[in-house]
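Subject: Structure handover

Hi,

Here is the structure I promised to pass on. Please open it alongside this note; what I found follows below.

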Amino acid sequence: MTAITASSEVIMHFTIKLEDGSVADTTHNAGKPAKLVMGDGSLTENFETCLLGLKEGESSSFTLAPEDAFGQPNPDNIHHMDRRHFGGETPAEEGAIIAFSGPQGQEIPGIITAVTGDSVTVDFNHPLAGKTVIFDVEIISVQ
């Protein structure tokens, strides 16, 4: 059995849970596992460190503090926008998640946290920022 190293390609199922046990994300809903190349920057260094040494067929669970997972919320990522920029397919409703275009044309999701008069508050922090998360992983293959 091959163990995960710093350059492995890993196929795994994962579930991300919050401390109250609620599921934030899981590959099981899609019915297919995730593919990961260690060191490609798609996961934090702390998450990858937790995977090192795991082998095919192994399952593990680890808890990451906010600093080790999705970081703390950054106040600079909260923006106030004019309500006239919303409407039609992008209504200004609290709790709505809207994809905005970033400076390089990439999509950046923002969550509307408040609508006051003509001002709409949009939070561009990761939805799990500031949260302790529990990762359950099931390693399917390692190459």
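Let me start with one side chain. Phe100 has a relative accessible area of 16%, so it counts as buried; the cut-off for that is under 20%. Bear in mind that this is a predicted model.

Which ring does Phe100 pair with? Its partner is Phe86. The two ring centres lie 6.3 Å apart. The planes meet at 80 degrees, which makes the pair edge-to-face, as angles over 60 count that way. Phe86 is buried as well, at 12% relative accessibility.

The pair also links separate parts of the chain. Phe100 sits in strand 6 (97-101), while Phe86 is in the loop between strand 5 (78-82) and strand 6. The contact therefore ties together parts that are 14 residues apart in sequence.

**Other aromatic pairs**

How many aromatic pairs does the structure hold? There are 5. Elsewhere, Phe47, Phe62 and Phe135 are joined into a cluster by ring pairs.

**The sheet around strand 6**

Strand 6 pairs with strand 7 (residues 107-116). That pairing is antiparallel and runs over 5 bridges. Look for Ile98 there: Gly110 in strand 7 stands opposite.

**The whole chain**

The protein has 1 helix and 9 strands. From the N terminus, the elements run β-β-β-α-β-β-β-β-β-β. The radius of gyration is 18 Å, well over the 15 Å that the globule rule gives for 143 residues, so the protein is more spread out than a compact globule. The C-alpha trace spans about 60 × 30 × 30 Å along its principal axes.

Of the 143 residues, 31% count as buried. Take the contacts with a separation of 6 or more: 62% of them come from residues 24 or more positions apart.

**What the record says**

An unreviewed UniProt entry annotates residues 7-72 as "domain: PPIase FKBP-type". In the model, that stretch is 11% helix and 36% strand. The C-alpha atoms at its ends are 28 Å apart.

Best wishes

Terms used:
Residues numbered from 1 in each chain as written. Predicted model: local features only at pLDDT ≥ 70, side-chain atom pairs only at ≥ 80, totals over all residues. Heavy atoms only, no water. Phe/Tyr/Trp six-rings, centres within 6.5 Å; stacked < 30°, edge-to-face > 60°. Helix = DSSP H or I, 4+ residues; strand = E, 2+ residues; numbered from the N terminus. Buried < 20%, exposed > 50% of the residue type's maximum accessible area, 1.4 Å probe, protein only. UniProt positions renumbered as here; feature names shortened; annotations may be inferred. Pairing = 2+ DSSP bridges. Rg over C-alpha atoms; globule rule 2.2 N^0.38 Å. Contact = heavy atoms within 4.5 Å.
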